[in-house]
Amino acid sequence: MKKFFVLICAAILICGCGNKIQSVPPLPGTLPEILSAPEKIDSDIYFDATVSMKGFTTLAAGNVYLTLPDLLVDMCGAMGETKFFSFGEQIHPLDRTNYRRLTAPEVYVEPITAVANVIDRADPNHLSIIVTDLFESESDWALVTQKLREKFFAAHSTVAVIGIRNSFQGEIFDVGLKAAKFNYNSFADPNRFRPFYLFILGRDDVVKNFLRKFNERQTLPNDTGYLLLSESLTEKQSDFSDFELDEVENFYSDDTLGLDDRVKEFGLDNFNEAASFMINWQYEPPLGACPLDLFEVDSAVEIFSVDGEEWTPREKNDVRVSLLRDDRQSESFLIKISLTPEKSLAEGKMNFVRIKVMPTEQGYRLPPWIEMWSANVDAAARNFDGSKTLNLNGILGSLKSSVFEASRPALVQINFVVTP
């Protein structure tokens, strides 16, 4: 995902305003650049070649894993150059002919898994895909989470996880507190299939596009779960470019400044009276979105006023944000913004208001499939179940917390300028 950009790069000369407003300094902060999935983007695909992955190659029935290399080269090759790598502790490039060897059991001989090294290697400008069973030597997933937070989430990039339950016959390592080893055979029973995972890293629009296309290409009935961890919680950006205004009080619409259509321009009828407006908002969750409690939301409000050629932050405001269900159609909501101008805005100056509506941490949950596929660490050795992944809930829960901390996910961004 590209860096955020400054919304207005130079002052905009204003006509028809007399001497009241001569120019608009570049607005404070940034808006996300409007992105579409690029025609070309390179992909780097990393296959975990440790012994714990061998069991996915041994049975024919219910085996998606054996078709995965060809599926990925077909999907990613249509977007740009595709490179394959195998990894254990070290990372090994594979040429265009050797990637097919990833379906052969004899390839899986690496004794140590180091996903963290792959994160170090991953190019944020590419689409990176890591295929693994989520076994990490020395169970150091805290390090993996830290690296993903610093390299991807903090840079406004997205991480997705696809889990696929696959037939398996082989060894499973480091089970329970005593790091026991088990032989496991799923046979052809889908209820016994063991999950493997694809971690997809990259630009938000590219990752979301990959999930949609992968889902369309799934032809076998294997259980598949999707998780999307992004700072954008909707299928498309929600801003004034597609909001509908409703019940406007003490504001009037203006377009004197010629702003980006994602930023609304208002004037005030009376600076000393309460002002409010509503917008209609349609919630469109993308594939893999975390389930949300839309009545457990927070809002972050920033207000700036023009001081010469600078925007000065206001220390206090009384802006109130309410999210109401719109009973006229499913997944439709009304967002009401209320404020008292004399308490929130600088009188006689241009003011810029930036509001983000975000779920609370309690209202931002993992999809239910993750809990069902997760094995408890303490009980794993006593009641071993090879159809589950050790501490899956903890691993992906840690990633969910990381995106929440590094780049607070938002549902809606509301930006408007109030002219004097």
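This is a short talk about salt bridges in one protein model.

Okay, hi everyone. Before anything else, keep in mind that what we're looking at is a predicted model. I went through the charged side chains, and the count comes to 14 salt bridges. I'll walk you through three of them.

Let's start with Asp-74 and Arg-217. Those two form a salt bridge, and their closest N and O atoms sit 2.5 Å apart. What I like here is where the partners come from: Asp-74 is in helix H1, residues 68-77, while Arg-217 is in helix H4, residues 204-217. That's 143 residues apart, so this pair links distant parts of the chain.

Is Asp-74 buried or partly exposed? Partly exposed, because its relative accessibility is 41%, and the buried label needs under 20%. Arg-217 gets the partly exposed label too, because its relative accessible area is 37%.

Next up, Arg-203 and Asp-205. Their side chains meet in a salt bridge, with 2.6 Å from N to O. And here both partners, Arg-203 and Asp-205, are buried.

Last one: Arg-320 with Asp-318. This is also a salt bridge between side chains, at 3.5 Å from N to O. Why does Asp-318 count as buried? Because its relative accessibility is 16%, and the cut-off is under 20%. Arg-320, on the other hand, is partly exposed, with a relative accessible area of 41%. So in this pair we have a buried Asp-318 and a partly exposed Arg-320.

If you've got the structure open, have a look at Asp-74 and Arg-217, the pair that links helix H1 with helix H4. Okay, that's me done.

Terms used
Residues numbered from 1 in each chain as written. Predicted model: local features only at pLDDT ≥ 70, side-chain atom pairs only at ≥ 80, totals over all residues. Heavy atoms only, no water. Salt bridge = Lys/Arg side-chain N within 4 Å of Asp/Glu carboxyl O. Helix = DSSP H or I, 4+ residues; strand = E, 2+ residues; numbered from the N terminus. Buried < 20%, exposed > 50% of the residue type's maximum accessible area, 1.4 Å probe, protein only.
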